[in-house]
Amino acid sequence: MRSGRLQCSFQAAQEKCRVRSLCSARHSGMFILGAENGDLQVWQRDDAAAAARLSRRAQGLAAPPSGASSMGTGAPRCNLGHLCTWSARADGEYVRGWRCNLCHAKRKGERWLCTVCKDDLCFDCFPIHRPGERKTAERDAQVVNGKWVQVRKHSGMGCAVVEFTDPQHRDSLLAQFVREPLVLGGIYIDVKVHMEKQADGTRAEIPGCAFAGWKQPKEEGTCKLRARTLQVYLDRLCSKNAPEPVIALD
Ligand SMILES: [Zn+2]
Ligand SMILES: [Zn+2]
């Protein structure tokens with residue numbers, strides 16, 4: 001602290017100078033930080049998780065597997081209802097990465113993991129809210145266009161209008177959800193035909209449109225359903241119902 005000023009933002013300091021060395025004085029929660037410009041700074045941590053994150057960032061290391069809950073909130077539930085936890089497991093069966101159960105993206109590194117079912121869910125499908133990070137909800141698109149569906153989500157409530165390219169997809173999915181309800185990340189989604197109020201006050205069914213409704217907890221840190229996640233999953237189901245035309249090679 002050459003300047004002698006007391007600062008409480010580590011990140012601000014990082015933006016201004018490149019960190020050359022970082023060492024922690026054990027038990028005291030104090031960090032001594034050497035910058036490229038010759039500055040020497042002394043930092044005291046005010047919470048263990050933040051300090052761990054900061055020191056990792058400074059040292060350029062991958063996130064350690066310990067302290068899952070402190071890594072962030074917003075964890076979804078697996079198909080069987082177990083609450084997933086943050087994981088960066090990359091050993092054994094995960095050496096070559098993992099595949100998101102919902103969007104099928106093949107990835108490596110951090111994700112939500114149900115350790116019982118070995119279900120992996122990516123942070124695109126269920127964003128992680130890291131401590132000290134601004135809410136991501138505001139950045140989320142409310143209208144998402146997929147191959148087979150367009151999802152128009154209400155900005156503040158857990159409901160969306162889903163428009164299907166092929167009206168038959170809607171009908172077969174509605175029938176499917178009666179047999180096996182749609183649950184994504186532990187959130188039960190009620191899907192029915194979309195009715196719209198007409199000029200004469202009556203309500204009429206809109207062909208090829210469905211209305212999806214779910215309980216979206218307001219509390220910060222709880223798992224929420226994004227328009228994109230719903231779109232990706234419904235698109236996948238539609239693709240399954242309408243396989244790509246196979247071009248015969250012979
Ligand atoms: Zn995913
Ligand atoms: Zn599970």
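Student: Is Asp 124 buried, partly exposed or exposed?

Tutor: The model is predicted, and the answer is read from a computed relative accessibility. Asp 124 has 32%, so Asp 124 counts as partly exposed.

Student: Which side chain does Asp 124 meet in a salt bridge?

Tutor: For a salt bridge, look for a side-chain nitrogen of Lys or Arg within 4 Å of a carboxyl oxygen of Asp or Glu. The partner of Asp 124 is Arg 107, with 2.8 Å from N to O. The two residues are 17 apart, and their pair links distant parts of the chain. Arg 107 belongs to strand E6, residues 106-107, while Asp 124 sits in the loop between strand E8 (119-121) and strand E9 (143-145). Arg 107 is also partly exposed, at 30% relative accessibility.

Student: How many salt bridges are there by this rule?

Tutor: The count is nine. One of them joins Arg 111 and Asp 120, whose closest N and O atoms are 2.9 Å apart. Here both residues fall under the 20% cut-off. Arg 111 has a relative accessible area of 0%, so Arg 111 is buried. Asp 120 is buried too, at 5%.

Student: Which residues do salt bridges that share partners join into one network?

Tutor: Begin with a single pair and then look for shared partners. Arg 170 and Asp 171 form a salt bridge, with 3.1 Å between the closest N and O atoms. Shared partners join Arg 170, Asp 171 and Glu 205 into one network. Arg 170 is buried, with a relative accessible area of 5%, whereas Asp 171 is partly exposed, at 40%.

Student: Where is Lys 153 found, and in which strand?

Tutor: Lys 153 is in strand E10, which covers residues 149-153. With a relative accessible area of 11%, Lys 153 is buried.

Student: What lies 3.4 Å from a polar atom of the Lys 153 side chain?

Tutor: The backbone oxygen of Met 157 lies at that distance. To see what else surrounds a residue, set aside its close neighbours in sequence and list its contacts. Beyond four places in sequence, Lys 153 is in contact with several residues, among them Gln 142, Cys 159, Trp 214 and Leu 225.

Student: How many helices and strands are in the chain?

Tutor: The chain has four helices and 14 strands. For the whole chain, burial is given as a share of residues: 36% of the 250 residues count as buried.

Student: What share of the contacts with a separation of 6 or more comes from residues 24 or more positions apart?

Tutor: To read contacts across a chain, compare positions in sequence. Residues 24 or more positions apart account for 50% of those contacts.

Methods
Residues are numbered from 1 along each chain as its sequence is written. Chains are lettered from A and ligands numbered from 1 in the order in which they are written. This is a predicted model: local features need pLDDT of at least 70, side-chain atom pairs count only at pLDDT 80 or more; totals for chains, interfaces and linings use all residues. Side-chain values use heavy atoms; hydrogens and water are left out. Buried means under 20% relative accessible area, exposed over 50%, partly exposed in between (1.4 Å probe, protein chains only). A polar contact is a pair of N or O atoms within 3.5 Å; within protein, one must be able to donate a hydrogen and the other to accept it, and residues adjacent in sequence count only if both atoms are side-chain atoms. Contact means heavy atoms within 4.5 Å.
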